Amino acid sequence: MKTDSHDRLPPINQCLVSFGSNLGDRHRLIADAAALLSQSAVVADSSLDANFRASRLFQTPPIGGPGGQEPFLNAVAAFDTRASAREVLLLLQHLETELGRQRKRRWDARSIDLDVVLHGQLVGGGTGLIVPHPRYTARQFVLQPACDVAAEFRDPRFGWTLQRLAEHLNAGVPSIALVGGDLETRAELCRLLQENHGMQTFAARPLPPPMAVVGNTPAAILREGNRSGNGEQPLHVDRPAVFDQDTASPKGPSQQGSNGDWFETGEPIISIGDQPWVSAYLPKLPSLQSQYTTLETVPRLVARMHRTTAETQWPAPHQMWPAGWRWPEYRLEIDDLVWAASELASAMQSMRCDVTPVTADGQWWC
C-alpha cells in the first residue's frame with residue numbers, strides 16, 4: 001500500500017535555542033520559558049522520544065548597550081523537532097510576549113530573550129528569521145552552555161562542531177577580519193574602533209596604481225636587469241607568503257597552490273603581542289583543519305557586512321550568507337557606522353567574556 005505524500009511526517013531536525021535574562025526575576029523567567037518550550041508541540045511530539053536537554057545556567061556580564069545593567073543569566077536547550085525553524089521562532093516570540101518582554105532598543109536590558117541558534121542543516125531564512133543565528137559565533141555565553149548539551153552539533157556552513165568553535169574563540173587573540181561593503185566603510189569602522197574603543201586595527205593596502213606598460217608588456221614582469229624604454233628599472237612585485245594547502249605551513253610564492261582551497265586576498269597580519277585586533281581586509285587563512293588556526297595572527301571570525309533595509313533590518317539571506325564558507329563568520333548589519341563599530345567591539349568582548357556556571361546541572365527549570 002502506497003503512502004500518500006501528504007501523510008508523510010516532516011523530517012526531524014536538531015534544534016538549538018538560547019535563553020537570556022537580566023531584568024526582573026531572571027531565574028524564574030528563564031525557568032518558565034524552558035518549561036513552556038519543553039511542553040510545547042514543537043518539542044513534545046508523540047512521534048519523538050523525550051529529548052529536551054537544558055544546559056547548566058550561567059551568569060555573564062552585560063555587553064554593549066546602556067550602562068548600569070545587571071548581569072545576565074544564560075542557558076541553551078537542544079531538542080529534536082519536526083517543526084520548521086519559522087514555527088520554532090514564532091513560538092519563542094509568543095513566549096517572550098507572554099513572559100513580559102518589551103522590545104525598546106538594541107542591547108537594552110531584557111526580561112527574557114529567546115533565539116533560534118541552529119535548526120538542522122538550514123542556512124538562510126527570511127524576514128525576522130536568519131539561521132544559523134547571525135551573531136552566535138562570537139558569543140561564548142551561547143557556545144559554553146551549548147557545549148553542555150550539544151557539543152557535537154555542527155554549523156552547517158563550515159562544518160565545525162560547537163565544541164571546536166568554542167575552543168577556536170579561546171585560542172589566539174580576539175580578532176575579526178572585515179569583508180563585504182566597500183573599502184571606505186571598512187576603513188572608517190577601523191578608525192572608529194581605534195579612536196572610540198582603543199582597538200588595534202590593520203588597514204587595507206590601497207589599490208596599486210596602474211602598471212606601466214612597455215610596448216604590449218607590463219613593466220612589472222620584465223626580467224630583472226632589463227630597463228624600460230625611459231631608462232627606469234622595472235617594477236618589482238613582492239607577494240606575501242601563503243600557506244601550504246596540505247600542511248598549512250608558510251611557504252614561498254613559487255610553491256603556491258591553485259586548487260581554490262585558500263583565500264588569496266590580503267596579506268598576513270603582523271600582530272603586536274597579545275592585543276585584540278580588527279583588519280579592514282581578509283588576510284591569508286589556513287585550512288579549517290589546520291593546526292595554524294590557533295595563531296594569534298589568524299582572525300577568530302570573518303565579519304561579513306551588509307547594509308540593512310528599513311523594512312526588514314536584514315538583507316536578503318542569499319546576500320547575507322553567500323555560499324562557499326571557508327571560515328567561521330559573524331554577521332554585521334550596517335545602518336549606522338558608530339553603532340556598527342560598537343557592535344564589533346561588543347563581539348570582541350563576547351569572545352572572551354566570563355561565563356560562570358551557577359547551577360550544577362540542567363535541572364534548574366524543572
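A: Begin with secondary structure: helices (H or I, at least four residues) and strands (E, at least two) are DSSP runs, numbered from the N terminus. His168 lies in helix α4, residues 162–170. This is a predicted model, in which local features need pLDDT of at least 70 and side-chain atom pairs count only at pLDDT 80 or more, while totals for chains, interfaces and linings use all residues. Residues are numbered from 1 along each chain as its sequence is written, and side-chain values use heavy atoms, with hydrogens and water left out.

Q: How many helices and strands does the protein chain have?

A: The protein chain has 7 helices and 17 strands.

Q: Is His168 buried or exposed?

A: Buried means under 20% relative accessible area, exposed over 50%, and partly exposed in between (1.4 Å probe, protein chains only). His168 has a relative accessible area of 4%, so it counts as buried. Of the 366 residues of the protein chain, 49% are buried.

Q: Which residues is His168 in contact with, leaving aside its neighbours within four places in sequence?

A: Contact means heavy atoms within 4.5 Å. With those neighbours left aside, His168 is in contact with Trp160, Thr293, Pro299, Arg300, Trp327 and Pro328. A polar atom of the His168 side chain also lies 2.7 Å from the backbone oxygen of Arg300.

Q: Which residues touch the most other members of the largest nonpolar core?

A: A nonpolar core is a set of buried Ala, Val, Leu, Ile, Met, Phe, Trp, Tyr and Cys residues joined through side-chain atoms within 4.5 Å. In the largest one, of 62 residues, Leu16, Leu162, Ile176, Leu178 and Leu189 touch the most other members. Helix α7 (residues 337–351) supplies the largest share of this core, 7 residues. Apart from it lies another core, of 34 residues, including Leu92 and Trp364.

Q: What does Leu189 contact, beyond its neighbours within four places in sequence?

A: Leu189 is in contact with Leu178, Met305, Leu332, Ile334, Leu337, Ala340, Ala341 and Leu344.

Q: How many residues of helix α3 are buried?

A: Helix α3 (residues 140–149) has 8 buried residues out of 10. Among them are Phe141, Leu143 and Cys147.

Q: Which peptide bond is cis?

A: Most peptide bonds are trans. The bond from Val131 to Pro132 is cis, with omega near -5°. Pro132 lies in the loop between β7 (129–131) and α3.

Note on methods:
Polar contact = N/O pair within 3.5 Å; in protein donor to acceptor, adjacent residues only side chain to side chain.
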